[in-house]
Amino acid sequence: MTKPIVVGVDGSVASLRAAAWGGQEAALRDAPLRVVHAALRWDYDVPLVPQPLGWGAGSEAAAREMLHRATLHARAGRPHLKVTAEILDGRAQEALVTAAAEAQLVVVGDRGRSGLPGLLLGSVSQHVATHAPCSVAVVRQPQAGRHGVIVVGVTGQPDQEPVLDFAFREASLRHAVLRAVHAWRHPARRAPGDIQPLVYDVQGIADEEARLLAEAIAGWRERFPDVTLAEQVIHAHPAKALNEASAEADLVVIGARSGTRALFGLGGTAHAVLHHSHAPVVVARS
């Protein structure tokens, strides 16, 4: 059975964009779409234990109407899409992470109704992108027109299989050009204890990084011969390179660094791209 795509909505304009994007993605993948709204059954964010058994009639009616609007956005132009709508108990970030355990992708807007002015990424979106066990898409205000380009950040490290798998499949489904971006700032450490040179040949290192990129995507070319691939090696910070590339892309696909040193559980590059990308971003996980 195909796992569903889950989209979280809260009635905000951003969440309705997420619902529309999730509907498009579900149609591309021939997957069911599960539209959910999560809320505490208490009108105020007070940790009552146990929670009341149900919402008030007015609150539940408003939530059902919100889900109906989101479903209409998801189904627009896709009348045969299988969509279910559901109210989940609990705080939004926790409920969405739980729902992600049975999903292939979770979709959220970049900011919710409670987002503070000036914030580039809402707390719920950041929490879900950090903690969900599956891939997470954070949907932003769409740019004018379609570029037909998907950008993927390639590190050349062995843990990138989920990132490359998502990016190549997405490019194949969308018939889009896949732009593989590999950014570097100094000679890479190949093993623990490597000593970094004080002076090095920039062109020589650039050629080495280009070979690293070519090796990282070589097998994927064979698996997805229908995907048009563009390789780009940039001497810059990875976040800067990806955010600049996102200005001419329909989607950016990145990975999340694991381990205790990862910034906010994602890694510094992923954190910066989620906050500053011009296009929707997918944090890809297996």
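Asp-30 counts as exposed at 67% relative accessibility, where exposed means over 50% relative accessible area, buried under 20%, and partly exposed in between, with a 1.4 Å probe and protein chains only. The structure is a predicted model, in which local features need pLDDT of at least 70 and side-chain atom pairs count only at pLDDT 80 or more, while totals for chains, interfaces and linings use all residues. Residues are numbered from 1 along each chain as its sequence is written, and side-chain values use heavy atoms, with hydrogens and water left out.

Asp-30 is located in the loop between α1 and β2; helices (H or I, at least four residues) and strands (E, at least two) are DSSP runs, numbered from the N terminus. The phi angle of Asp-30 is near 55 degrees, a positive value in a residue other than glycine. His-175, in the loop between α5 and β7, also has a phi near 55 degrees. His-175 is exposed, with a relative accessible area of 71%.

The chain contains 8 helices and 10 strands. Of its 286 residues, 46% count as buried. The accessible surface amounts to about 14600 Å², and carbon and sulfur atoms account for 55% of this area, as computed by the Shrake-Rupley method with a 1.4 Å probe, only the protein chains shown counting as cover for residues. Of the contacts (heavy atoms within 4.5 Å) between residues at least 6 apart in sequence, 78% join residues at least 24 apart.

The 10 strands of an open sheet follow the order β3-β2-β1-β4-β5-β10-β9-β6-β7-β8, and the pairing is mixed; two strands pair if DSSP finds at least two bridges between them. The edge positions are held by β3 (83-89) and β8 (229-235), each with a single partner strand, so one side of each has no neighbour in the sheet. From one strand to the next, the twist averages 25 degrees. Axes are lines fitted to C-alpha atoms, for helices over the stretch in contact, and angles run from 0 to 180 degrees between N-to-C directions.

Strands β6 (residues 149-153) and β7 (residues 177-184) are paired in the parallel sense over 5 bridges, with Val-152 opposite Ala-180 in β7. Strand β6 also runs parallel to β9, to which 3 bridges join it, and here Val-151 stands opposite Val-252. The pairing of β9 with β10 is likewise parallel, over 3 bridges, and places Val-253 opposite Val-282 in β10. Within β9, Leu-251 and Val-253 point one way and Val-252 and Ile-254 the other, and all are buried.

The largest nonpolar core comprises 43 residues, and those with the most contacts inside it are Leu-33, Val-107, Val-152, Leu-178 and Val-253. Such a core is a set of buried Ala, Val, Leu, Ile, Met, Phe, Trp, Tyr and Cys residues joined through side-chain atoms within 4.5 Å. Helix α5 (residues 161-174) gives the most to this core, with 6 residues. A second, separate core has 35 residues, including Val-6, Ala-249, Leu-266 and Val-281. Beyond four places in sequence, the residues touched by Val-152 include Val-163, Leu-164 and Ala-167, as well as Leu-178, Leu-242 and Val-253.

Helix α4 (residues 123-131) lies across β4 (105-109), β5 (135-139) and β10 (281-283), at about 160 degrees to β4. Its buried residues are Ser-125, Val-128, Ala-129 and Thr-130, and their cover includes α3, β4, β5, α8 (268-276) and β10. In helix α3 (residues 92-100), Ala-95, Leu-96, Val-97, Ala-99 and Ala-100 are buried. These residues of α3 pack against β1 (5-8), β2 (33-39), β3, β4 and α4.

Ser-15, in helix α1 (residues 13-29), counts as buried at 3% relative accessibility. Its side chain reaches the backbone nitrogen of Gly-11 at 3.3 Å. Leaving aside neighbours within four places in sequence, Ser-15 is in contact with Gly-8, Val-9 and Asp-10.

Ala-247 lies in the loop between α7 (238-246) and β9 (251-254) and is partly exposed, at 30% relative accessibility. Ala-247 and His-278 are 31 residues apart in sequence, with a C-alpha to C-alpha separation of 5.3 Å. Residues up to four places away not being counted, Ala-247 touches Gln-143, His-147 and His-278.

Key:
Polar contact = N/O pair within 3.5 Å; in protein donor to acceptor, adjacent residues only side chain to side chain.
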